[in-house]
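These questions and answers go through one model. The sequence and structure come first.

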Amino acid sequence: ILFPTQICMLFLIVLVNAAEQSVSEKNTGCVYGHPGIPGDPGHNGMPRRDGRDGAKGDKGDRAGKDGPKGEPGVPGIASAKGKHGDNGERGPPGKMGPQGFPGTLGLKGQKGELGLPGPQGIKGDVGPIGPEGPQGDIGYKGDKGIQGPLGPPGRPGPKGEIGHPGIKGSIGVRGEKGSKGDIREQGPKGDMPEIPKSAFSARLSESTKLPAANAPIRFDKILYNRQGHYDPETGRFTCAISGVYFFNYHITVYSRNVKVALMKNGQQVIYTMDSYQSGEDQAADGAVLELESGDKVWLQVADKLLFNWLYADEDDDTVFSGFLLFAT
């Protein structure tokens with residue numbers, strides 16, 4: 001605070017001296033020459049007290065409101081420049097100023113040159129074989145595949161049916177009426193012609209349910225087999241009379257799907273499949289076949305173990321039947 005005050009006092013003294021010289025020049029009429037070369041600066045004076053510890057003066061009288069304004073006093077002699085004070089303690093940090101405006105977006109730099117390709121790395125070792133995963137769920141049945149090439153010609157088929165009768169001939173010329181014959185005694189009654197017979201019906205038991213795949217199903221509980229043309233030990237029917245037969249089967253499905261096929265001499269004739277829903281399902285099918293003596297017919301599971309759930313118990317039956325319609 002004292003340093004600026006001293007500068008102001010010194011400046012006032014210089015102005016007063018300049019004013020006095022100007023007045024004296026006007027009164028004497030002398031002409032001054034050019035200013036001389038400035039002298040060397042003097043030595044710094046001894047430091048003086050700044051007066052802050054001086055005694056406080058008496059309070060002056062208050063001037064009247066209407067009195068004339070006094071002339072300014074003669075400026076005091078400026079004292080020598082005081083010693084520079086020590087640096088004060090560092091003040092607390094000021095408040096954070098407001099956020100500045102965002103700068104303008106710089107120009108996009110030029111694309112750098114393409115670097116050289118790096119050297120090829122060393123091939124890593126083959127990792128260990130991972131653990132075998134769990135078996136997946138059974139997938140859905142796929143679409144029917146494309147028909148394969150034509151196979152070799154099969155064996156000769158069975159004998160064909162009897163052809164239709166020929167065209168009836170024209171009526172001949174009516175003959176002359178003959179003479180009336182003699183009445184004779186009635187002859188003895190003739191023998192009745194023997195009608196060929198062949199029929200069977202059998203069902204599964206609890207010991208033969210859930211049969212193996214791709215093998216004849218043994219229907220071991222006989223319902224009818226008087227002619228003995230069905231063998232419950234093998235599950236096969238053997239034709240003894242050439243003719244046309246009707247075969248049918250009624251099956252009970254439990255827990256899983258079932259797919260069976262009616263077989264004739266090892267050839268599949270018809271398929272039957274039942275997709276298990278809930279509880280116990282039933283399915284049935286049948287066919288008319290022409291057989292020659294010695295032909296064999298049976299029923300078997302047509303796929304793997306996933307389709308062999310033929311079931312039977314005291315309340316549910318799986319039955320296989322067949323009989324001769326007429327001989328040929």
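Q: Which residues form one aromatic cluster?
A: Rings of Phe, Tyr and Trp (its six-membered ring) pair if their centres lie within 6.5 Å; planes under 30 degrees apart count as stacked, over 60 as edge-to-face and the rest as tilted. This is a predicted model, in which local features need pLDDT of at least 70 and side-chain atom pairs count only at pLDDT 80 or more, while totals for chains, interfaces and linings use all residues. Residues are numbered from 1 along each chain as its sequence is written, and side-chain values use heavy atoms, with hydrogens and water left out. One aromatic cluster is made up of Phe-200, Phe-219, Tyr-230, Phe-237, Tyr-245, Phe-247 and Phe-320.

Q: What is the angle between the planes of Phe-200 and Phe-247?
A: The structure holds ten aromatic pairs. Among them is the tilted pair of Phe-200 and Phe-247, with 6.4 Å from centre to centre and planes at an angle of 50°.

Q: How many residues apart in sequence are the parts that Phe-200 and Phe-247 tie together?
A: Strands are DSSP runs (E, at least two residues), numbered from the N terminus. Phe-200 lies in strand β1 and Phe-247 in strand β5, so the pair ties together parts that are apart in sequence by 47 residues.

Q: What is the relative accessible area of Phe-247?
A: Buried means under 20% relative accessible area, exposed over 50% and partly exposed in between (1.4 Å probe, protein chains only). Phe-200 counts as buried at 3%. Phe-247 is also buried, and its relative accessible area is 0%.

Q: Is the pair of Tyr-245 and Phe-247 stacked or tilted?
A: Both Tyr-245 and Phe-247 are buried. Their ring centres are 6.1 Å apart and their planes are at 20°, so the pair is stacked.

Q: Which residue forms a salt bridge with Arg-203?
A: A salt bridge is a side-chain nitrogen of Lys or Arg within 4 Å of a carboxyl oxygen of Asp or Glu. A search of the whole structure finds one. Its closest N and O atoms are 3.0 Å apart, and the partner of Arg-203 is Asp-317.

Q: How many residues apart are Arg-203 and Asp-317?
A: Arg-203 is in strand β1 (residues 199-203), whereas Asp-317 is in the loop between β9 (308-310) and β10 (319-327). Asp-317 is partly exposed, with a relative accessible area of 28%. The pair links distant parts of the chain, and the separation is 114 residues.

Q: Which residue in β8 is the bridge partner of Lys-264?
A: Two strands pair if DSSP finds at least two bridges between them. Strand β8 (residues 296-301) has five of its six residues buried, so it is largely enclosed by the rest of the structure. Strand β4 (residues 236-238) runs antiparallel to β8 and is joined to it by two bridges, while β5 (residues 243-264) is antiparallel to β8 with five bridges. Phe-237 has Val-297 as its bridge partner in β8, and for Lys-264 the partner there is Val-297.

Q: Which backbone nitrogen does the side chain of Ser-242 reach?
A: Ser-242 lies in the loop between β4 and β5. Contact means heavy atoms within 4.5 Å, and beyond its neighbours within four places in sequence, Ser-242 is in contact with residues including Leu-291 and Thr-328. At 3.1 Å, its side chain reaches the backbone nitrogen of Ser-293.

Conventions: Helix = DSSP H or I, 4+ residues; strand = E, 2+ residues; numbered from the N terminus. Polar contact = N/O pair within 3.5 Å; in protein donor to acceptor, adjacent residues only side chain to side chain.
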